[in-house]
Amino acid sequence: MKLTFGRDHLAIPGPSTMPSRVLAAMQQAAPNIYAGPLVDLTEHTYQGLLRIAKSSGQLISYVGNGHAAWEASLSNTLSPGDEIIALVNGRFGGIWATVAEALGVKVTWIRSEGPSAIDTDALLSALHADGGHRVQAVLMVQTDTANSIVNSVEAVRNTMDEAEHPALLMVDAIASFACEPLRMDDWGVDVLVMACQKGLMTPPGLAFNIISDKVWPFHAKASLNTPYWDWKPRVSGELFPEKFGGTPPTHLLLALSEAVKMLEEEGIENTWARHRAHAECVWAAVDAWSAGGYIRFNIDNKALRSTAVTSIVTQNEDAKRIQEWISDHTGVVLGVGLLPEQGIDNSQFRIAHMGHLSPPMILGTLSCINSALIALDIKHGAGALDAACKVIAAH
Ligand SMILES: *Cc1c(COP(=O)(O)O)cnc(C)c1O
(Lines give C-alpha, C1' and ligand atoms only; values in the text may rest on other atoms or scores of the structure.)
Protein backbone atom coordinates (compact mmCIF):
# COMPACT_ATOMS: atom_id res chain seq x y z
CA MET A 1 0.00 0.00 0.00
CA LYS A 2 1.26 3.46 -0.92
CA LEU A 3 0.07 6.81 0.42
CA THR A 4 1.19 8.85 -2.57
CA PHE A 5 -1.75 9.22 -4.87
CA GLY A 6 -2.24 12.98 -5.41
CA ARG A 7 0.28 15.21 -7.13
CA ASP A 8 3.96 14.82 -6.32
CA HIS A 9 5.72 18.02 -5.31
CA LEU A 10 9.10 19.14 -6.58
CA ALA A 11 10.45 21.33 -3.77
CA ILE A 12 13.79 22.05 -5.47
CA PRO A 13 15.08 25.50 -6.41
CA GLY A 14 14.33 25.24 -10.09
CA PRO A 15 12.64 24.09 -12.10
CA SER A 16 9.84 25.33 -9.88
CA THR A 17 6.13 24.51 -9.85
CA MET A 18 4.35 25.48 -13.05
CA PRO A 19 0.90 27.01 -12.49
CA SER A 20 -2.07 25.42 -14.29
CA ARG A 21 -2.55 28.68 -16.17
CA VAL A 22 1.02 28.50 -17.47
CA LEU A 23 0.58 24.88 -18.55
CA ALA A 24 -2.74 25.66 -20.22
CA ALA A 25 -1.26 28.59 -22.12
CA MET A 26 0.93 26.15 -24.06
CA GLN A 27 -2.00 24.03 -25.23
CA GLN A 28 -2.29 25.43 -28.69
CA ALA A 29 -1.13 24.81 -32.24
CA ALA A 30 2.10 26.32 -33.54
CA PRO A 31 1.51 30.07 -33.71
CA ASN A 32 2.58 32.42 -36.49
CA ILE A 33 6.10 33.64 -35.71
CA TYR A 34 6.16 36.46 -38.30
CA ALA A 35 3.26 38.62 -37.14
CA GLY A 36 0.12 38.60 -35.03
CA PRO A 37 -0.64 37.55 -31.46
CA LEU A 38 2.69 35.88 -30.57
CA VAL A 39 4.67 38.93 -31.68
CA ASP A 40 2.42 41.29 -29.71
CA LEU A 41 2.31 39.05 -26.68
CA THR A 42 6.13 38.74 -26.61
CA GLU A 43 6.53 42.52 -26.73
CA HIS A 44 4.00 42.89 -23.93
CA THR A 45 5.70 40.20 -21.85
CA TYR A 46 9.12 41.84 -22.23
CA GLN A 47 7.70 45.17 -21.10
CA GLY A 48 6.24 43.34 -18.09
CA LEU A 49 9.60 41.79 -17.24
CA LEU A 50 11.23 45.22 -17.38
CA ARG A 51 8.54 46.57 -15.04
CA ILE A 52 9.11 43.66 -12.65
CA ALA A 53 12.87 44.34 -12.75
CA LYS A 54 12.14 48.05 -12.18
CA SER A 55 14.37 48.74 -15.13
CA SER A 56 14.27 51.38 -17.83
CA GLY A 57 16.78 49.30 -19.76
CA GLN A 58 16.40 46.66 -22.46
CA LEU A 59 15.72 42.95 -22.36
CA ILE A 60 17.64 40.42 -24.42
CA SER A 61 16.59 36.80 -24.71
CA TYR A 62 18.12 33.46 -25.63
CA VAL A 63 16.95 29.91 -26.00
CA GLY A 64 19.01 28.65 -23.10
CA ASN A 65 19.36 28.23 -19.37
CA GLY A 66 21.14 30.30 -16.76
CA HIS A 67 24.54 29.22 -18.05
CA ALA A 68 23.66 30.73 -21.43
CA ALA A 69 22.72 34.02 -19.77
CA TRP A 70 26.07 34.00 -17.89
CA GLU A 71 28.09 33.52 -21.06
CA ALA A 72 26.05 36.15 -22.93
CA SER A 73 26.76 38.72 -20.20
CA LEU A 74 30.50 38.14 -20.45
CA SER A 75 30.92 37.77 -24.20
CA ASN A 76 29.01 40.97 -24.95
CA THR A 77 31.12 43.18 -22.70
CA LEU A 78 34.65 41.75 -22.45
CA SER A 79 37.77 40.78 -24.38
CA PRO A 80 40.42 38.20 -23.49
CA GLY A 81 42.87 39.75 -21.04
CA ASP A 82 40.28 42.15 -19.61
CA GLU A 83 40.12 42.34 -15.83
CA ILE A 84 37.02 41.81 -13.72
CA ILE A 85 36.23 41.28 -10.03
CA ALA A 86 34.05 38.35 -8.94
CA LEU A 87 32.41 38.57 -5.50
CA VAL A 88 32.08 34.94 -4.50
CA ASN A 89 30.36 33.68 -1.36
CA GLY A 90 28.63 30.69 -2.81
CA ARG A 91 28.79 28.12 -5.52
CA PHE A 92 27.18 29.96 -8.41
CA GLY A 93 29.30 33.11 -8.28
CA GLY A 94 32.33 30.83 -8.49
CA ILE A 95 31.04 29.02 -11.57
CA TRP A 96 30.29 32.31 -13.35
CA ALA A 97 33.84 33.49 -12.53
CA THR A 98 35.24 30.22 -13.85
CA VAL A 99 33.35 30.69 -17.13
CA ALA A 100 34.96 34.14 -17.40
CA GLU A 101 38.40 32.63 -16.81
CA ALA A 102 37.77 29.99 -19.46
CA LEU A 103 37.02 32.83 -21.88
CA GLY A 104 40.44 34.31 -21.13
CA VAL A 105 39.29 37.06 -18.77
CA LYS A 106 41.51 37.88 -15.79
CA VAL A 107 39.42 37.44 -12.65
CA THR A 108 40.18 38.80 -9.20
CA TRP A 109 38.22 36.64 -6.77
CA ILE A 110 36.98 38.29 -3.59
CA ARG A 111 35.75 35.40 -1.49
CA SER A 112 33.80 35.42 1.74
CA GLU A 113 33.87 32.01 3.35
CA GLY A 114 31.56 30.82 5.99
CA PRO A 115 29.36 31.51 4.08
CA SER A 116 29.26 35.17 5.06
CA ALA A 117 28.21 38.46 3.45
CA ILE A 118 30.12 39.87 0.49
CA ASP A 119 33.29 41.61 1.66
CA THR A 120 32.60 45.18 0.55
CA ASP A 121 35.73 46.43 2.37
CA ALA A 122 37.87 44.17 0.20
CA LEU A 123 35.94 45.34 -2.86
CA LEU A 124 36.52 48.98 -1.94
CA SER A 125 40.26 48.37 -1.53
CA ALA A 126 40.46 46.53 -4.84
CA LEU A 127 38.61 49.32 -6.65
CA HIS A 128 40.76 52.01 -5.00
CA ALA A 129 43.88 50.11 -6.03
CA ASP A 130 42.63 50.20 -9.63
CA GLY A 131 43.37 53.87 -10.31
CA GLY A 132 43.69 53.22 -14.06
CA HIS A 133 40.22 51.68 -14.20
CA ARG A 134 41.39 48.46 -15.75
CA VAL A 135 38.59 46.54 -14.03
CA GLN A 136 35.72 46.32 -16.53
CA ALA A 137 33.05 44.62 -14.45
CA VAL A 138 32.07 43.48 -10.97
CA LEU A 139 30.14 40.19 -10.81
CA MET A 140 27.85 39.16 -7.97
CA VAL A 141 25.01 36.70 -7.31
CA GLN A 142 21.91 37.95 -5.51
CA THR A 143 20.73 34.59 -4.16
CA ASP A 144 23.18 31.73 -4.12
CA THR A 145 20.90 28.75 -4.59
CA ALA A 146 23.44 26.29 -3.14
CA ASN A 147 24.03 27.77 0.31
CA SER A 148 20.86 29.95 0.32
CA ILE A 149 22.62 33.22 1.16
CA VAL A 150 21.20 36.49 -0.18
CA ASN A 151 23.52 39.34 -1.06
CA SER A 152 22.86 43.08 -0.97
CA VAL A 153 23.10 44.49 -4.49
CA GLU A 154 22.72 47.97 -3.01
CA ALA A 155 25.76 47.51 -0.78
CA VAL A 156 27.91 46.55 -3.76
CA ARG A 157 26.60 49.46 -5.84
CA ASN A 158 27.27 51.87 -2.97
CA THR A 159 30.82 50.56 -2.67
CA MET A 160 31.44 51.04 -6.39
CA ASP A 161 30.03 54.57 -6.19
CA GLU A 162 32.17 55.34 -3.16
CA ALA A 163 35.23 54.30 -5.18
CA GLU A 164 33.89 56.32 -8.14
CA HIS A 165 34.66 53.32 -10.31
CA PRO A 166 33.08 53.07 -13.79
CA ALA A 167 33.02 49.24 -14.02
CA LEU A 168 29.78 47.51 -14.96
CA LEU A 169 27.79 45.92 -12.14
CA MET A 170 26.58 42.50 -13.27
CA VAL A 171 24.13 40.60 -11.10
CA ASP A 172 23.03 36.96 -11.33
CA ALA A 173 19.35 37.09 -10.34
CA ILE A 174 18.52 33.64 -11.70
CA ALA A 175 17.23 32.35 -8.36
CA SER A 176 16.05 35.67 -6.97
CA PHE A 177 14.09 37.24 -9.82
CA ALA A 178 10.43 37.61 -8.83
CA CYS A 179 11.29 36.27 -5.35
CA GLU A 180 13.61 38.81 -3.68
CA PRO A 181 13.15 42.57 -3.91
CA LEU A 182 15.03 43.93 -6.91
CA ARG A 183 15.27 47.50 -8.21
CA MET A 184 17.58 47.55 -11.19
CA ASP A 185 17.53 51.28 -11.90
CA ASP A 186 17.73 52.39 -8.26
CA TRP A 187 20.58 49.98 -7.58
CA GLY A 188 22.48 50.81 -10.76
CA VAL A 189 22.57 47.27 -12.10
CA ASP A 190 24.07 47.29 -15.60
CA VAL A 191 23.60 43.65 -16.56
CA LEU A 192 21.02 41.40 -14.94
CA VAL A 193 21.31 37.69 -15.65
CA MET A 194 18.11 35.63 -15.48
CA ALA A 195 16.42 32.40 -16.50
CA CYS A 196 12.74 31.49 -16.63
CA GLN A 197 12.45 28.29 -14.57
CA LYS A 198 12.64 29.63 -11.03
CA GLY A 199 10.62 32.63 -9.83
CA LEU A 200 9.22 32.96 -13.35
CA MET A 201 7.40 29.58 -13.12
CA THR A 202 8.03 28.69 -16.79
CA PRO A 203 9.48 25.43 -18.17
CA PRO A 204 13.31 25.70 -18.49
CA GLY A 205 14.66 27.08 -21.75
CA LEU A 206 14.59 30.87 -21.71
CA ALA A 207 17.57 32.96 -20.62
CA PHE A 208 17.73 36.73 -20.35
CA ASN A 209 20.01 39.67 -19.88
CA ILE A 210 18.53 43.02 -18.89
CA ILE A 211 20.97 45.79 -19.71
CA SER A 212 21.42 49.46 -18.89
CA ASP A 213 22.57 52.09 -21.40
CA LYS A 214 26.01 51.99 -19.78
CA VAL A 215 26.85 48.69 -21.47
CA TRP A 216 27.19 49.94 -25.06
CA PRO A 217 30.73 51.38 -24.91
CA PHE A 218 31.84 48.07 -23.38
CA HIS A 219 29.92 46.13 -26.04
CA ALA A 220 31.60 48.17 -28.81
CA LYS A 221 35.07 46.87 -27.88
CA ALA A 222 34.18 43.38 -26.62
CA SER A 223 36.11 40.96 -28.83
CA LEU A 224 34.55 37.92 -27.11
CA ASN A 225 31.31 38.84 -28.85
CA THR A 226 30.14 36.43 -31.55
CA PRO A 227 27.18 36.60 -33.96
CA TYR A 228 24.94 34.22 -32.05
CA TRP A 229 25.43 35.82 -28.64
CA ASP A 230 25.48 39.44 -29.85
CA TRP A 231 23.02 41.64 -27.95
CA LYS A 232 22.63 44.11 -30.84
CA PRO A 233 20.25 42.25 -33.20
CA ARG A 234 18.38 40.71 -30.28
CA VAL A 235 17.59 44.01 -28.65
CA SER A 236 15.95 45.75 -31.57
CA GLY A 237 15.07 43.12 -34.15
CA GLU A 238 11.93 41.22 -35.10
CA LEU A 239 10.76 38.22 -33.10
CA PHE A 240 11.86 36.11 -36.07
CA PRO A 241 14.74 35.77 -36.65
CA GLU A 242 16.62 38.44 -34.71
CA LYS A 243 15.28 38.23 -31.15
CA PHE A 244 16.35 34.62 -30.71
CA GLY A 245 19.00 34.40 -33.40
CA GLY A 246 16.65 32.02 -35.27
CA THR A 247 13.35 30.33 -34.50
CA PRO A 248 11.73 31.73 -31.35
CA PRO A 249 10.74 29.24 -28.61
CA THR A 250 7.04 29.72 -29.29
CA HIS A 251 5.47 27.73 -26.48
CA LEU A 252 7.94 28.91 -23.85
CA LEU A 253 6.93 32.44 -24.79
CA LEU A 254 3.26 31.53 -24.43
CA ALA A 255 4.03 30.06 -21.00
CA LEU A 256 6.14 33.00 -19.91
CA SER A 257 3.51 35.44 -21.05
CA GLU A 258 0.95 33.83 -18.75
CA ALA A 259 3.44 33.73 -15.84
CA VAL A 260 4.27 37.41 -16.22
CA LYS A 261 0.56 38.20 -16.43
CA MET A 262 0.04 36.35 -13.14
CA LEU A 263 2.89 38.24 -11.46
CA GLU A 264 1.55 41.57 -12.66
CA GLU A 265 -1.95 40.69 -11.44
CA GLU A 266 -0.48 39.88 -8.03
CA GLY A 267 1.75 42.96 -8.00
CA ILE A 268 5.49 42.35 -7.64
CA GLU A 269 5.65 43.88 -4.14
CA ASN A 270 2.99 41.37 -3.08
CA THR A 271 4.98 38.57 -4.73
CA TRP A 272 8.02 39.58 -2.70
CA ALA A 273 5.93 39.72 0.49
CA ARG A 274 4.44 36.30 -0.23
CA HIS A 275 7.93 34.84 -0.65
CA ARG A 276 8.95 36.45 2.62
CA ALA A 277 5.93 34.96 4.43
CA HIS A 278 6.57 31.47 3.04
CA ALA A 279 10.25 31.76 3.94
CA GLU A 280 9.35 32.82 7.50
CA CYS A 281 7.10 29.78 7.72
CA VAL A 282 9.94 27.46 6.70
CA TRP A 283 12.39 29.22 9.02
CA ALA A 284 10.01 28.84 11.98
CA ALA A 285 9.98 25.07 11.43
CA VAL A 286 13.75 24.83 10.97
CA ASP A 287 14.25 26.95 14.10
CA ALA A 288 12.20 24.44 16.09
CA TRP A 289 13.95 21.41 14.59
CA SER A 290 17.29 23.04 15.41
CA ALA A 291 16.70 22.88 19.17
CA GLY A 292 19.38 20.56 20.53
CA GLY A 293 21.74 21.42 17.70
CA TYR A 294 21.45 18.27 15.64
CA ILE A 295 19.82 20.08 12.71
CA ARG A 296 20.75 23.67 11.81
CA PHE A 297 20.44 26.46 9.26
CA ASN A 298 23.29 26.73 6.79
CA ILE A 299 22.85 30.51 6.99
CA ASP A 300 22.63 31.31 10.66
CA ASN A 301 22.18 35.07 10.26
CA LYS A 302 18.52 35.61 9.36
CA ALA A 303 19.31 38.86 7.55
CA LEU A 304 21.42 36.89 5.05
CA ARG A 305 18.85 34.18 4.33
CA SER A 306 17.25 33.98 0.92
CA THR A 307 13.46 34.13 0.71
CA ALA A 308 13.58 31.69 -2.24
CA VAL A 309 15.42 28.68 -0.79
CA THR A 310 16.68 27.43 2.57
CA SER A 311 19.68 25.12 3.01
CA ILE A 312 19.59 22.90 6.08
CA VAL A 313 22.52 21.05 7.62
CA THR A 314 22.20 17.70 9.39
CA GLN A 315 24.78 15.44 10.99
CA ASN A 316 26.53 12.89 8.81
CA GLU A 317 24.48 11.83 5.82
CA ASP A 318 21.07 12.23 7.44
CA ALA A 319 20.09 14.84 4.85
CA LYS A 320 20.42 12.24 2.13
CA ARG A 321 18.35 9.76 4.14
CA ILE A 322 15.65 12.41 4.59
CA GLN A 323 15.59 13.18 0.86
CA GLU A 324 15.29 9.52 -0.05
CA TRP A 325 12.62 8.78 2.51
CA ILE A 326 10.50 11.79 1.71
CA SER A 327 10.67 11.10 -2.02
CA ASP A 328 9.80 7.41 -1.68
CA HIS A 329 7.07 7.79 0.93
CA THR A 330 5.50 11.19 0.33
CA GLY A 331 6.22 12.19 -3.27
CA VAL A 332 8.14 15.32 -2.23
CA VAL A 333 11.50 15.91 -3.89
CA LEU A 334 13.82 18.16 -1.87
CA GLY A 335 16.88 19.95 -3.22
CA VAL A 336 20.12 18.05 -2.76
CA GLY A 337 22.92 19.65 -0.75
CA LEU A 338 25.57 21.29 -2.92
CA LEU A 339 29.20 21.70 -1.94
CA PRO A 340 30.71 25.19 -2.33
CA GLU A 341 32.83 24.24 -5.36
CA GLN A 342 31.34 21.20 -7.03
CA GLY A 343 29.61 17.97 -6.16
CA ILE A 344 26.91 16.90 -3.74
CA ASP A 345 26.91 17.42 0.04
CA ASN A 346 25.00 14.55 1.64
CA SER A 347 24.86 16.35 4.97
CA GLN A 348 22.61 19.09 3.56
CA PHE A 349 19.22 19.38 1.93
CA ARG A 350 17.36 22.36 0.55
CA ILE A 351 13.74 23.41 0.65
CA ALA A 352 12.74 25.66 -2.23
CA HIS A 353 10.08 28.22 -1.47
CA MET A 354 10.18 30.02 -4.80
CA GLY A 355 7.51 30.63 -7.36
CA HIS A 356 3.98 29.28 -7.50
CA LEU A 357 3.42 28.15 -3.92
CA SER A 358 0.62 28.25 -1.40
CA PRO A 359 0.47 27.46 2.33
CA PRO A 360 -0.65 23.83 1.82
CA MET A 361 2.38 23.24 -0.39
CA ILE A 362 4.77 24.80 2.13
CA LEU A 363 3.12 23.30 5.21
CA GLY A 364 2.77 19.97 3.41
CA THR A 365 6.48 19.91 2.57
CA LEU A 366 7.41 20.77 6.15
CA SER A 367 5.02 18.11 7.46
CA CYS A 368 6.53 15.47 5.20
CA ILE A 369 10.03 16.39 6.38
CA ASN A 370 8.76 16.11 9.94
CA SER A 371 7.42 12.64 9.10
CA ALA A 372 10.84 11.70 7.73
CA LEU A 373 12.54 12.87 10.93
CA ILE A 374 10.17 10.67 12.96
CA ALA A 375 10.36 7.66 10.63
CA LEU A 376 14.17 7.77 10.49
CA ASP A 377 14.53 8.50 14.20
CA ILE A 378 16.63 11.60 13.50
CA LYS A 379 17.06 13.88 16.50
CA HIS A 380 15.09 17.11 16.21
CA GLY A 381 13.43 19.75 18.35
CA ALA A 382 9.65 19.57 18.75
CA GLY A 383 6.92 21.99 17.71
CA ALA A 384 8.10 22.73 14.17
CA LEU A 385 4.70 22.38 12.53
CA ASP A 386 2.98 24.40 15.22
CA ALA A 387 5.56 27.16 14.73
CA ALA A 388 5.09 27.10 10.96
CA CYS A 389 1.29 27.23 11.30
CA LYS A 390 1.59 30.23 13.62
CA VAL A 391 3.39 32.15 10.84
CA ILE A 392 0.57 31.43 8.42
CA ALA A 393 -2.02 32.24 11.09
CA ALA A 394 -0.38 35.61 11.72
CA HIS A 395 -1.01 36.55 8.08
C1 LIG B 1 19.93 27.90 -11.15
C2 LIG B 1 21.01 28.89 -11.07
C3 LIG B 1 22.01 29.00 -12.05
C4 LIG B 1 22.13 28.06 -13.19
O5 LIG B 1 21.02 28.07 -14.00
P6 LIG B 1 20.83 26.93 -15.12
O7 LIG B 1 19.52 27.30 -15.70
O8 LIG B 1 20.84 25.62 -14.40
O9 LIG B 1 21.95 27.06 -16.07
C10 LIG B 1 22.93 30.01 -11.93
N11 LIG B 1 22.90 30.87 -10.89
C12 LIG B 1 21.98 30.76 -9.92
C13 LIG B 1 22.00 31.73 -8.78
C14 LIG B 1 21.02 29.77 -9.98
O15 LIG B 1 20.10 29.66 -9.00
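Which backbone atom lies 2.8 Å from an oxygen atom of the ligand? A backbone N or O atom of G66 does. The structure is a predicted model, in which local features need pLDDT of at least 70 and side-chain atom pairs count only at pLDDT 80 or more, while totals for chains, interfaces and linings use all residues. Residues are numbered from 1 along each chain as its sequence is written, and side-chain values use heavy atoms, with hydrogens and water left out.

**View 1. Surroundings of the ligand.** The ligand is surrounded by 13 residues, where a residue counts as near if one of its heavy atoms lies within 4 Å. The closest are H67, T145, D172, Q197 and K198. A polar side-chain atom of T145 is 2.2 Å from an oxygen atom of the ligand, and a polar side-chain atom of D172 is 2.7 Å from a nitrogen atom of the ligand.

**View 2. Crossing of helices α3 and α4.** Helix α3 (residues 66-75) and helix α4 (residues 91-102) have axes that come within 10 Å and cross at roughly 50°. Axes are lines fitted to C-alpha atoms, for helices over the stretch in contact, and angles run from 0 to 180 degrees between N-to-C directions. Helices are DSSP runs (H or I, at least four residues) and strands likewise (E, at least two), numbered from the N terminus. The angle makes α3 oblique to α4; angles under 35 degrees count as roughly parallel, over 145 as roughly antiparallel, 65 to 115 as roughly perpendicular and the rest as oblique. In contact (heavy atoms within 4.5 Å), H67, W70, E71, S73 and L74 of α3 meet F92, I95, W96, V99 and A100 of α4.

**View 3. Crossing of helices α12 and α13.** The axes of α12 (residues 318-330) and α13 (residues 359-375) come within 9 Å and cross at roughly 115°. Helix α12 is therefore roughly perpendicular to α13. From α12, the contact is made by I322, W325, I326 and T330; residues of α13 in the contact include T365, C368 and I369.

**View 4. Cis peptide bonds.** Most peptide bonds are trans. A cis bond joins G14 and P15, with omega about 0°, and P15 is found in the loop between β1 (9-11) and α1 (20-25). The bond from F240 to P241 is also cis, with omega near 5°; P241 lies in helix α9 (residues 239-243).

**View 5. Backbone of K54.** Most residues other than glycine have a negative phi. K54 is not a glycine, yet has a positive phi of about 50°. This residue is in the loop between α2 (37-53) and β2 (58-63).

Terms used
Polar contact = N/O pair within 3.5 Å; in protein donor to acceptor, adjacent residues only side chain to side chain.
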